[in-house]
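Subject: Structure handover

Hello,

Here is the structure I promised you. Please open it and keep it beside this note while you read.

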Amino acid sequence: MADSVAPISTRKATALDYIGAGFAYSGLFVLRLLPFALASSLGGGLARALGPLLKPSKAARENLTAAFPEKSEAEIEVILRDVWENMGRTAFEFAVMDHLLTDQGQRRVEIEGQDNIDAAFATGKPVLFFGAHLGNWELLPVSAGILEFGVHVFYRAPNNPLLQNLFTKRSSPGELIPKGAPGAKRAFTLLKRGENLGILIDQKLNDGIGVPFFGRDAMTGTALAEFALRFDAPMVPVQCIRLPGARFKLIYHPALTVTRTDDKKADVQNIMTDVNAVMESWIRENPGQWLWLHKRWPR
């Protein structure tokens with residue numbers, strides 16, 4: 001993997017970056033001393049108490065109200081607190097994710113759908129695993145490590161350039177690919193070699209296309225559909241469900257069916273419409289486990 005792509009730093013570190021990095025690395029050191037369940041509970045408790053008071057909660061309330069017009073304000077607030085708890089747990093679990101790769105840690109992760117994984121690999125094509133920011137979204141590479149298959153995954157480089165190592169020096173059964181044009185080119189190269197790729201596809205992409213999501217068009221990236229069409233690659237949905245007691249269920253669903261036509265643009269639109277429908281069904285099952293805090297839809 002000598003030719004992997006490193007994210008390009010767009011600025012030099014500032015004094016605030018150094019202060020923030022100091023707190024981050026200190027916090028990481030402390031969290032790594034804790035058992036997985038305790039770290040998860042601590043992060044969830046802090047975020048559940050403080051998160052609803054923070055500015056991103058305004059966007060989350062707007063998103064939830066639009067997505068669930070039948071719910072009362074009180075019900076929306078309950079979901080919002082669940083959202084923050086899930087985010088806090090995920091953030092603190094990030095520090096101890098490698099614990100889940102131990103024999104004891106693997107007991108926290110229930111994995112279903114091995115037959116669907118086998119069927120995708122049996123095609124002889126590279127496989128596209130896709131998921132959403134649900135439960136703990138870092139579990140795709142972890143589950144691949146547990147099941148012992150290779151998958152390269154995209155990640156978003158941190159705003160603070162001093163935190164880059166936190167994101168790249170972690171256990172992964174494949175390459176960590178930074179989002180952006182160089183990363184997309186690298187992903188294309190890996191797929192051309194027949195290797196597998198993991199993508200989270202539920203975030204807003206301004207240069208994407210409008211695709212229905214909770215009854216409104218949301219700007220959605222098209223890389224998943226374009227890769228699937230280019231490489232005839234099966235697209236396997238991977239659903240993460242957070243369970244009580246800092247445990248998880250990962251479900252590898254059957255690969256989506258793709259109907260090809262002579263109109264590539266329409267094919268991409270149809271694929272991403274199906275993908276968003278899958279995402280929406282999962283989120284409706286566990287609305288408090290999705291990342292409602294970002295501005296997914298235009299006003």
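E85 and R89 pair through their side chains in a salt bridge, 3.1 Å from N to O. By salt bridge I mean a side-chain nitrogen of Lys or Arg within 4 Å of a carboxyl oxygen of Asp or Glu. The two residues sit 4 apart in helix α4, so about one helical turn separates E85 from R89. R89 is buried, at 16% relative accessible area. Buried means under 20%, exposed over 50%, and partly exposed in between (1.4 Å probe, protein chains only).

Before you go further, some ground rules. This is a predicted model: local features need pLDDT of at least 70 and side-chain atom pairs pLDDT 80 or more, while totals for chains, interfaces and linings use all residues. Numbering starts from 1 along each chain as its sequence is written, and side-chain values use heavy atoms, without hydrogens or water.

**Salt bridges of α4**

The whole structure holds 11 salt bridges. One of them joins E77 and R61, at 2.6 Å from N to O. E77 belongs to helix α4 and R61 to helix α3, so this pair ties together parts 16 residues apart in sequence. E77 is partly exposed, at 28% relative accessible area. R61 is partly exposed too, at 28%.

E93 pairs with R242; their closest N and O atoms are 2.7 Å apart. Here helix α4 meets strand β8, so the link ties together parts 149 residues apart in sequence. E93 is buried at 0%. R242 is buried at 11%. There is also a network: R48, D82, E85 and R89 are joined by salt bridges that share partners.

**The helix itself**

Helices (H or I, at least four residues) and strands (E, at least two) are DSSP runs, numbered from the N terminus.

**A surface patch**

L16, I19 and F23 make a nonpolar surface patch of about 390 Å². Patch residues have over 30% relative accessible area and no salt bridge; like charges are joined within 9 Å, nonpolar side chains (Val, Leu, Ile, Met, Phe, Trp, Tyr) within 5 Å. Areas come from the Shrake-Rupley method with a 1.4 Å probe; for residues, only the protein chains shown count as cover. F23 lies in helix α1, residues 15-31. F23 counts as exposed, at 66% relative accessibility.

Best wishes
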